[in-house]
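Trainee: Before we go through this chain, could you set out the terms we will be using and then take my questions in turn?

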Amino acid sequence: MKKKIVAVFLCAAMVTGMAAGCGSSSDKKSETSADGSETTELTLLIDTDVTIAGFEAVAAKAEEEIGIKVKIETRPGGADGDNIVKTRLASGDMADLCLYNSGALLNALNPEEYFLDISGEDFVSRIDDNYKSAVSVGDKVFGVPYQSSQAEGIVYSKTLYEKYNLEVPKTWDEFLANCDVLKENKETAILGTFADSWTAQVPFLGDAYNLQQSDPEFAEKFDAGEAKWATTPAALRSFEKLADTTQYYNEDYLATTYDDGCDIMANGEAGHWFILSQALSNIYELYGDQVNDLGVFAVPGDSADDNGITLWYPAALYGNKNSDKTDAILKFMEFYLSDEALDAYSEAVLPDGPYCVKDYEMPDNAYDAVANDIQAYFESGKNAPALEYISQVKGADCPAICQELGSGQTTAQEAAQKYDKDCEKQATQLGLNW
(Lines give C-alpha, C1' and ligand atoms only; values in the text may rest on other atoms or scores of the structure.)
Protein backbone atom coordinates (compact mmCIF):
# COMPACT_ATOMS: atom_id res chain seq x y z
CA MET A 1 0.00 0.00 0.00
CA LYS A 2 1.40 3.36 -0.99
CA LYS A 3 1.74 6.05 1.60
CA LYS A 4 -1.30 8.29 1.65
CA ILE A 5 -1.12 12.01 1.12
CA VAL A 6 -3.39 13.89 3.49
CA ALA A 7 -5.68 16.40 1.79
CA VAL A 8 -4.94 20.03 2.59
CA PHE A 9 -8.10 22.10 2.64
CA LEU A 10 -7.95 25.70 1.63
CA CYS A 11 -11.09 27.22 3.07
CA ALA A 12 -12.77 27.26 6.46
CA ALA A 13 -16.07 26.61 4.74
CA MET A 14 -15.17 22.94 4.38
CA VAL A 15 -12.66 21.90 7.00
CA THR A 16 -10.60 24.71 8.46
CA GLY A 17 -9.82 28.35 7.90
CA MET A 18 -6.60 29.58 6.43
CA ALA A 19 -5.12 32.57 8.10
CA ALA A 20 -1.79 33.96 9.03
CA GLY A 21 -0.46 34.07 12.53
CA CYS A 22 1.11 37.18 13.78
CA GLY A 23 4.12 38.88 15.21
CA SER A 24 5.57 42.33 15.56
CA SER A 25 7.31 43.80 12.53
CA SER A 26 8.50 47.05 14.06
CA ASP A 27 11.70 45.54 15.44
CA LYS A 28 12.79 43.89 12.17
CA LYS A 29 16.01 45.38 10.81
CA SER A 30 17.40 45.43 7.28
CA GLU A 31 20.30 43.07 6.70
CA THR A 32 23.30 43.35 4.44
CA SER A 33 23.72 40.64 1.84
CA ALA A 34 27.03 39.12 0.72
CA ASP A 35 27.38 41.57 -2.19
CA GLY A 36 26.87 44.57 0.06
CA SER A 37 23.31 45.36 -0.99
CA GLU A 38 20.63 45.86 1.61
CA THR A 39 18.07 43.10 2.15
CA THR A 40 14.75 43.87 3.81
CA GLU A 41 13.18 41.17 5.95
CA LEU A 42 9.42 40.72 6.06
CA THR A 43 7.51 38.27 8.22
CA LEU A 44 4.66 36.02 7.09
CA LEU A 45 2.56 34.02 9.55
CA ILE A 46 0.75 31.07 8.14
CA ASP A 47 -1.46 28.12 9.05
CA THR A 48 0.60 25.00 9.84
CA ASP A 49 -1.57 22.96 7.45
CA VAL A 50 -0.77 25.11 4.43
CA THR A 51 1.61 23.88 1.74
CA ILE A 52 4.58 26.27 1.62
CA ALA A 53 6.89 24.72 -1.02
CA GLY A 54 5.61 27.01 -3.76
CA PHE A 55 5.78 30.09 -1.58
CA GLU A 56 9.32 29.25 -0.50
CA ALA A 57 10.36 29.03 -4.15
CA VAL A 58 8.92 32.48 -4.82
CA ALA A 59 10.47 33.89 -1.65
CA ALA A 60 13.91 32.60 -2.65
CA LYS A 61 13.52 34.27 -6.03
CA ALA A 62 12.34 37.51 -4.39
CA GLU A 63 15.40 37.63 -2.15
CA GLU A 64 17.61 37.17 -5.19
CA GLU A 65 15.80 39.56 -7.53
CA ILE A 66 14.36 42.36 -5.38
CA GLY A 67 16.27 42.09 -2.09
CA ILE A 68 13.32 41.08 0.08
CA LYS A 69 13.63 38.14 2.43
CA VAL A 70 10.53 36.58 3.98
CA LYS A 71 10.67 34.83 7.32
CA ILE A 72 7.88 32.27 7.75
CA GLU A 73 6.28 31.77 11.13
CA THR A 74 3.35 29.47 11.83
CA ARG A 75 0.16 29.39 13.82
CA PRO A 76 -2.25 26.53 14.52
CA GLY A 77 -5.14 25.88 12.19
CA GLY A 78 -8.85 25.89 12.93
CA ALA A 79 -10.76 28.12 15.30
CA ASP A 80 -7.85 28.52 17.72
CA GLY A 81 -5.61 29.90 15.02
CA ASP A 82 -8.37 32.11 13.71
CA ASN A 83 -8.79 33.64 17.15
CA ILE A 84 -5.06 34.27 17.32
CA VAL A 85 -5.24 36.23 14.07
CA LYS A 86 -8.08 38.40 15.35
CA THR A 87 -6.37 38.98 18.68
CA ARG A 88 -3.04 39.95 17.12
CA LEU A 89 -4.70 42.29 14.66
CA ALA A 90 -6.55 44.02 17.47
CA SER A 91 -3.39 44.31 19.57
CA GLY A 92 -1.28 45.72 16.73
CA ASP A 93 1.08 42.76 16.82
CA MET A 94 0.44 41.34 13.33
CA ALA A 95 3.19 40.17 10.97
CA ASP A 96 4.10 42.18 7.89
CA LEU A 97 2.20 39.74 5.67
CA CYS A 98 -0.90 37.82 6.66
CA LEU A 99 -2.31 34.78 4.91
CA TYR A 100 -6.07 34.55 5.32
CA ASN A 101 -9.25 33.52 3.53
CA SER A 102 -10.57 35.33 0.52
CA GLY A 103 -14.31 35.75 0.26
CA ALA A 104 -16.93 36.50 2.86
CA LEU A 105 -14.80 35.45 5.85
CA LEU A 106 -12.47 38.35 5.14
CA ASN A 107 -15.16 40.80 6.27
CA ALA A 108 -15.00 39.42 9.81
CA LEU A 109 -11.46 40.78 10.15
CA ASN A 110 -12.42 44.40 9.41
CA PRO A 111 -9.79 44.63 6.65
CA GLU A 112 -10.16 48.37 6.15
CA GLU A 113 -8.72 48.91 9.62
CA TYR A 114 -5.90 46.38 9.50
CA PHE A 115 -4.83 45.67 5.89
CA LEU A 116 -3.22 47.76 3.17
CA ASP A 117 -5.57 48.99 0.46
CA ILE A 118 -3.77 48.07 -2.76
CA SER A 119 -6.49 49.24 -5.16
CA GLY A 120 -4.34 52.12 -6.41
CA GLU A 121 -1.35 49.93 -7.29
CA ASP A 122 -0.68 49.17 -10.97
CA PHE A 123 -0.08 45.46 -10.30
CA VAL A 124 -3.68 44.98 -9.15
CA SER A 125 -4.74 45.08 -12.81
CA ARG A 126 -3.21 41.60 -13.21
CA ILE A 127 -5.60 40.02 -10.70
CA ASP A 128 -8.61 38.23 -12.19
CA ASP A 129 -11.68 40.43 -11.78
CA ASN A 130 -13.80 37.74 -10.10
CA TYR A 131 -11.03 36.98 -7.62
CA LYS A 132 -10.47 40.68 -7.03
CA SER A 133 -14.05 40.96 -5.80
CA ALA A 134 -13.33 38.18 -3.29
CA VAL A 135 -10.51 40.19 -1.67
CA SER A 136 -12.31 43.53 -1.74
CA VAL A 137 -14.63 45.49 0.51
CA GLY A 138 -16.43 48.20 -1.40
CA ASP A 139 -13.95 49.71 -3.84
CA LYS A 140 -10.90 48.78 -1.75
CA VAL A 141 -8.75 45.77 -2.69
CA PHE A 142 -6.63 44.08 -0.04
CA GLY A 143 -5.11 40.79 -1.17
CA VAL A 144 -3.22 38.89 -3.87
CA PRO A 145 -3.84 35.17 -4.54
CA TYR A 146 -1.50 32.89 -2.60
CA GLN A 147 -1.67 29.99 -5.07
CA SER A 148 -3.81 28.65 -7.90
CA SER A 149 -7.54 28.24 -7.77
CA GLN A 150 -9.08 24.79 -8.05
CA ALA A 151 -12.20 23.43 -9.60
CA GLU A 152 -15.10 22.11 -7.60
CA GLY A 153 -16.36 19.63 -10.15
CA ILE A 154 -16.24 16.03 -11.31
CA VAL A 155 -13.01 14.11 -11.84
CA TYR A 156 -13.64 11.35 -14.35
CA SER A 157 -11.78 8.30 -15.67
CA LYS A 158 -10.82 8.84 -19.30
CA THR A 159 -10.03 5.11 -19.44
CA LEU A 160 -13.61 4.11 -18.57
CA TYR A 161 -15.05 6.82 -20.82
CA GLU A 162 -13.09 5.41 -23.75
CA LYS A 163 -14.00 1.82 -22.85
CA TYR A 164 -17.73 2.55 -22.91
CA ASN A 165 -17.69 5.25 -25.63
CA LEU A 166 -18.96 7.95 -23.29
CA GLU A 167 -18.82 11.68 -24.00
CA VAL A 168 -18.31 14.46 -21.48
CA PRO A 169 -21.86 15.50 -20.47
CA LYS A 170 -23.13 19.04 -20.86
CA THR A 171 -26.41 18.48 -18.97
CA TRP A 172 -27.37 16.73 -15.75
CA ASP A 173 -29.52 14.22 -17.64
CA GLU A 174 -26.57 13.33 -19.88
CA PHE A 175 -24.44 12.82 -16.78
CA LEU A 176 -26.98 10.47 -15.22
CA ALA A 177 -27.18 8.56 -18.51
CA ASN A 178 -23.40 8.03 -18.38
CA CYS A 179 -23.75 6.80 -14.80
CA ASP A 180 -26.42 4.33 -15.92
CA VAL A 181 -24.07 2.88 -18.55
CA LEU A 182 -21.32 2.39 -15.98
CA LYS A 183 -23.70 0.89 -13.42
CA GLU A 184 -25.16 -1.53 -15.97
CA ASN A 185 -21.63 -2.72 -16.73
CA LYS A 186 -20.90 -3.37 -13.04
CA GLU A 187 -18.60 -0.37 -12.70
CA THR A 188 -18.67 2.12 -9.84
CA ALA A 189 -20.45 5.02 -11.51
CA ILE A 190 -19.80 7.58 -8.76
CA LEU A 191 -17.13 7.24 -6.11
CA GLY A 192 -18.35 8.14 -2.64
CA THR A 193 -15.75 8.99 0.01
CA PHE A 194 -18.15 9.85 2.79
CA ALA A 195 -15.85 8.61 5.54
CA ASP A 196 -14.41 12.12 5.13
CA SER A 197 -17.71 13.95 5.45
CA TRP A 198 -16.52 17.18 3.80
CA THR A 199 -16.43 15.37 0.46
CA ALA A 200 -20.20 14.77 0.65
CA GLN A 201 -20.72 18.51 0.10
CA VAL A 202 -19.02 18.73 -3.27
CA PRO A 203 -22.00 17.76 -5.50
CA PHE A 204 -24.06 20.44 -3.71
CA LEU A 205 -21.42 23.17 -3.48
CA GLY A 206 -20.05 22.44 -6.96
CA ASP A 207 -23.43 23.39 -8.45
CA ALA A 208 -22.85 27.05 -7.55
CA TYR A 209 -22.16 28.09 -11.14
CA ASN A 210 -25.54 26.77 -12.24
CA LEU A 211 -27.32 28.41 -9.31
CA GLN A 212 -25.75 31.78 -10.05
CA GLN A 213 -26.69 31.56 -13.73
CA SER A 214 -30.28 30.62 -12.92
CA ASP A 215 -30.73 33.11 -10.08
CA PRO A 216 -27.96 35.74 -10.11
CA GLU A 217 -29.38 37.58 -7.11
CA PHE A 218 -29.76 34.55 -4.85
CA ALA A 219 -26.65 35.18 -2.71
CA GLU A 220 -27.62 38.79 -2.06
CA LYS A 221 -31.22 37.88 -1.27
CA PHE A 222 -30.12 34.98 0.92
CA ASP A 223 -27.84 37.19 3.02
CA ALA A 224 -30.72 39.65 3.38
CA GLY A 225 -33.05 36.88 4.56
CA GLU A 226 -35.26 37.33 1.50
CA ALA A 227 -34.57 33.95 -0.11
CA LYS A 228 -34.12 30.41 1.22
CA TRP A 229 -32.71 27.20 -0.17
CA ALA A 230 -35.94 25.28 0.37
CA THR A 231 -38.18 27.82 -1.34
CA THR A 232 -35.96 28.94 -4.24
CA PRO A 233 -36.24 26.45 -7.13
CA ALA A 234 -32.75 27.08 -8.52
CA ALA A 235 -31.23 26.61 -5.06
CA LEU A 236 -33.28 23.53 -4.22
CA ARG A 237 -32.07 22.04 -7.50
CA SER A 238 -28.57 21.70 -6.04
CA PHE A 239 -29.94 19.46 -3.28
CA GLU A 240 -32.00 17.51 -5.82
CA LYS A 241 -28.89 16.73 -7.82
CA LEU A 242 -27.13 15.42 -4.74
CA ALA A 243 -30.13 13.18 -4.07
CA ASP A 244 -29.85 11.79 -7.61
CA THR A 245 -26.36 10.46 -6.91
CA THR A 246 -27.37 8.01 -4.17
CA GLN A 247 -27.99 5.00 -6.38
CA TYR A 248 -24.60 5.17 -8.11
CA TYR A 249 -22.12 5.01 -5.22
CA ASN A 250 -19.71 2.20 -4.38
CA GLU A 251 -21.10 -0.17 -1.75
CA ASP A 252 -18.64 0.93 0.93
CA TYR A 253 -18.94 4.67 0.27
CA LEU A 254 -19.60 5.45 3.94
CA ALA A 255 -16.30 3.83 4.92
CA THR A 256 -14.24 5.04 1.94
CA THR A 257 -11.86 7.92 2.69
CA TYR A 258 -10.50 10.74 0.56
CA ASP A 259 -7.13 8.97 0.44
CA ASP A 260 -8.83 5.77 -0.72
CA GLY A 261 -10.52 7.82 -3.41
CA CYS A 262 -7.19 8.99 -4.81
CA ASP A 263 -6.11 5.34 -5.18
CA ILE A 264 -9.40 4.25 -6.72
CA MET A 265 -9.50 7.01 -9.34
CA ALA A 266 -5.82 6.65 -10.24
CA ASN A 267 -6.37 2.98 -10.97
CA GLY A 268 -9.49 3.49 -13.07
CA GLU A 269 -11.79 1.74 -10.60
CA ALA A 270 -14.57 4.35 -10.69
CA GLY A 271 -16.07 6.53 -13.37
CA HIS A 272 -16.68 9.80 -11.51
CA TRP A 273 -15.70 11.54 -8.30
CA PHE A 274 -17.19 14.84 -7.12
CA ILE A 275 -14.13 16.45 -5.60
CA LEU A 276 -11.90 19.50 -5.54
CA SER A 277 -9.16 19.35 -8.16
CA GLN A 278 -6.54 19.42 -5.41
CA ALA A 279 -6.94 15.64 -5.62
CA LEU A 280 -4.89 15.76 -8.83
CA SER A 281 -1.77 16.77 -6.89
CA ASN A 282 -2.33 14.01 -4.35
CA ILE A 283 -2.69 11.47 -7.16
CA TYR A 284 0.40 12.82 -8.91
CA GLU A 285 2.47 12.42 -5.73
CA LEU A 286 1.34 8.80 -5.47
CA TYR A 287 1.08 7.69 -9.09
CA GLY A 288 2.97 10.14 -11.27
CA ASP A 289 1.76 10.40 -14.84
CA GLN A 290 -1.28 8.23 -14.14
CA VAL A 291 -2.87 11.53 -13.12
CA ASN A 292 -3.25 12.26 -16.83
CA ASP A 293 -5.64 9.32 -17.17
CA LEU A 294 -8.13 11.61 -15.43
CA GLY A 295 -10.12 14.56 -16.69
CA VAL A 296 -12.34 17.15 -15.03
CA PHE A 297 -15.69 18.54 -16.07
CA ALA A 298 -18.18 20.88 -14.45
CA VAL A 299 -21.21 19.76 -12.47
CA PRO A 300 -23.68 19.96 -15.36
CA GLY A 301 -26.71 22.20 -15.35
CA ASP A 302 -30.02 21.54 -17.06
CA SER A 303 -29.13 23.32 -20.30
CA ALA A 304 -26.22 22.51 -22.61
CA ASP A 305 -26.17 26.14 -23.75
CA ASP A 306 -24.65 27.39 -20.51
CA ASN A 307 -22.10 24.92 -19.20
CA GLY A 308 -19.64 26.31 -16.66
CA ILE A 309 -17.58 25.32 -13.64
CA THR A 310 -17.42 26.39 -9.99
CA LEU A 311 -14.02 27.58 -8.81
CA TRP A 312 -12.68 27.39 -5.28
CA TYR A 313 -10.54 30.46 -4.73
CA PRO A 314 -7.22 30.45 -2.91
CA ALA A 315 -6.51 32.33 0.27
CA ALA A 316 -4.77 35.67 -0.12
CA LEU A 317 -1.67 37.46 1.09
CA TYR A 318 -2.60 40.66 2.89
CA GLY A 319 -0.28 43.47 3.93
CA ASN A 320 -0.27 44.74 7.49
CA LYS A 321 -1.45 48.36 7.36
CA ASN A 322 0.41 49.11 10.59
CA SER A 323 3.75 47.70 9.49
CA ASP A 324 6.67 50.10 9.08
CA LYS A 325 7.63 48.31 5.87
CA THR A 326 4.70 49.07 3.59
CA ASP A 327 6.91 49.87 0.60
CA ALA A 328 8.59 46.47 0.84
CA ILE A 329 5.23 44.75 1.30
CA LEU A 330 3.86 46.34 -1.88
CA LYS A 331 7.04 45.53 -3.77
CA PHE A 332 6.80 41.89 -2.71
CA MET A 333 3.11 41.69 -3.67
CA GLU A 334 3.90 43.09 -7.11
CA PHE A 335 6.67 40.54 -7.57
CA TYR A 336 4.40 37.73 -6.36
CA LEU A 337 2.06 38.35 -9.33
CA SER A 338 4.86 38.40 -11.91
CA ASP A 339 5.37 35.64 -14.48
CA GLU A 340 8.79 34.99 -12.97
CA ALA A 341 7.27 34.34 -9.53
CA LEU A 342 4.44 32.20 -10.90
CA ASP A 343 6.95 30.15 -12.89
CA ALA A 344 8.96 29.57 -9.71
CA TYR A 345 5.81 28.55 -7.83
CA SER A 346 4.79 26.15 -10.59
CA GLU A 347 8.22 24.53 -10.69
CA ALA A 348 7.85 23.68 -7.02
CA VAL A 349 4.11 22.84 -6.97
CA LEU A 350 2.04 22.21 -10.08
CA PRO A 351 -1.23 24.17 -10.11
CA ASP A 352 -4.55 22.46 -9.26
CA GLY A 353 -6.43 24.96 -11.41
CA PRO A 354 -6.00 28.33 -13.13
CA TYR A 355 -4.04 31.06 -11.41
CA CYS A 356 -6.23 34.05 -10.66
CA VAL A 357 -3.80 36.19 -12.62
CA LYS A 358 -4.54 37.55 -16.08
CA ASP A 359 -2.48 36.52 -19.10
CA TYR A 360 -0.41 33.88 -17.35
CA GLU A 361 0.08 30.71 -19.37
CA MET A 362 -0.04 27.31 -17.71
CA PRO A 363 3.33 25.52 -17.40
CA ASP A 364 4.04 22.92 -20.09
CA ASN A 365 3.99 20.10 -17.54
CA ALA A 366 0.64 21.05 -15.97
CA TYR A 367 -1.78 18.19 -15.42
CA ASP A 368 -3.85 17.55 -18.55
CA ALA A 369 -7.05 18.03 -16.55
CA VAL A 370 -5.91 21.50 -15.51
CA ALA A 371 -4.31 22.69 -18.75
CA ASN A 372 -6.97 21.30 -21.09
CA ASP A 373 -10.17 20.99 -19.06
CA ILE A 374 -10.36 23.51 -16.22
CA GLN A 375 -8.38 26.21 -18.01
CA ALA A 376 -10.86 26.14 -20.91
CA TYR A 377 -13.69 27.13 -18.55
CA PHE A 378 -11.50 29.92 -17.21
CA GLU A 379 -10.53 31.33 -20.60
CA SER A 380 -14.09 31.20 -21.93
CA GLY A 381 -15.42 33.01 -18.87
CA LYS A 382 -17.64 30.05 -18.05
CA ASN A 383 -16.79 29.96 -14.36
CA ALA A 384 -18.08 31.37 -11.10
CA PRO A 385 -16.82 31.35 -7.52
CA ALA A 386 -18.17 28.96 -4.91
CA LEU A 387 -21.09 30.62 -3.14
CA GLU A 388 -19.20 31.33 0.07
CA TYR A 389 -17.01 33.81 -1.80
CA ILE A 390 -20.04 36.00 -2.48
CA SER A 391 -22.32 35.11 0.44
CA GLN A 392 -21.62 35.70 4.10
CA VAL A 393 -23.62 32.70 5.29
CA LYS A 394 -22.69 29.03 5.21
CA GLY A 395 -24.08 26.64 7.76
CA ALA A 396 -21.62 24.70 9.88
CA ASP A 397 -23.60 21.45 9.53
CA CYS A 398 -23.42 21.40 5.74
CA PRO A 399 -21.22 18.24 5.63
CA ALA A 400 -23.57 16.24 7.86
CA ILE A 401 -26.68 17.43 6.03
CA CYS A 402 -25.20 16.52 2.66
CA GLN A 403 -23.99 13.18 3.97
CA GLU A 404 -27.52 12.33 5.12
CA LEU A 405 -29.00 13.35 1.78
CA GLY A 406 -26.38 11.57 -0.30
CA SER A 407 -26.92 8.37 1.65
CA GLY A 408 -30.69 8.50 1.15
CA GLN A 409 -31.65 9.25 4.76
CA THR A 410 -33.49 12.46 3.87
CA THR A 411 -35.13 14.05 0.84
CA ALA A 412 -33.83 17.09 -1.02
CA GLN A 413 -36.63 19.21 0.44
CA GLU A 414 -35.90 18.06 3.99
CA ALA A 415 -32.17 18.68 3.52
CA ALA A 416 -32.81 22.18 2.19
CA GLN A 417 -35.04 23.00 5.17
CA LYS A 418 -32.41 21.70 7.60
CA TYR A 419 -29.77 23.75 5.87
CA ASP A 420 -31.86 26.92 6.04
CA LYS A 421 -32.20 26.44 9.80
CA ASP A 422 -28.48 25.76 10.08
CA CYS A 423 -27.66 28.93 8.14
CA GLU A 424 -30.00 30.95 10.32
CA LYS A 425 -27.73 30.29 13.29
CA GLN A 426 -24.76 31.83 11.53
CA ALA A 427 -26.81 34.71 10.14
CA THR A 428 -27.86 35.54 13.71
CA GLN A 429 -24.23 35.46 14.85
CA LEU A 430 -23.29 37.81 12.02
CA GLY A 431 -26.05 40.22 13.00
CA LEU A 432 -27.90 39.85 9.71
CA ASN A 433 -31.54 40.78 9.56
CA TRP A 434 -33.13 37.36 9.16
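Mentor: Helices (H or I, at least four residues) and strands (E, at least two) are DSSP runs, numbered from the N terminus. This is a predicted model, in which local features need pLDDT of at least 70 and side-chain atom pairs count only at pLDDT 80 or more, while totals for chains, interfaces and linings use all residues. Residues are numbered from 1 along each chain as its sequence is written, and side-chain values use heavy atoms, with hydrogens and water left out.

Trainee: Where is the place of lysine 186, between which two helices?

Mentor: Lysine 186 has a phi near 65°, a positive value in a residue other than glycine. The place of this lysine is in a loop, and the two elements on either side of that loop are helix H6 (172–184) and helix H7 (202–205).

Trainee: Is lysine 186 buried or exposed?

Mentor: The classes rest on relative accessible area, where buried means under 20%, exposed over 50% and partly exposed in between, with a 1.4 Å probe and protein chains only. Because the relative accessible area of lysine 186 is 76%, its class is exposed.

Trainee: Which class does asparagine 110 belong to?

Mentor: Asparagine 110 is found in the loop between strand S4 (97–100) and helix H3 (111–114), and its phi near 55° is a positive value in a residue other than glycine. Since its relative accessible area is 34%, asparagine 110 is partly exposed.

Trainee: Which backbone oxygen does the side chain of serine 149 reach?

Mentor: Serine 149 sits in the loop between strand S7 (143–145) and strand S8 (150–157), and with a relative accessible area of 1% this serine is buried. Leaving aside neighbours within four places in sequence, serine 149 is in contact (heavy atoms within 4.5 Å) with residues including Trp312, Asp352, Gly353 and Cys356. At 2.6 Å, its side chain reaches the backbone oxygen of proline 354.

Trainee: What radius of gyration does the chain have, and why does that agree with a compact globule?

Mentor: The radius of gyration is taken over C-alpha atoms, and the globule rule is 2.2 Å times the number of residues to the power 0.38. For 434 residues a compact globule would have a value near 22 Å, so the chain agrees, with a radius of gyration of 22 Å.

Trainee: How many helices and strands does the chain have?

Mentor: The C-alpha atoms fill a box of roughly 70 × 50 × 40 Å along the principal axes, and buried residues make up 57% of the 434 residues. Within the chain, the count is 17 helices and 13 strands.

Conventions:
A polar contact is a pair of N or O atoms within 3.5 Å; within protein, one must be able to donate a hydrogen and the other to accept it, and residues adjacent in sequence count only if both atoms are side-chain atoms.
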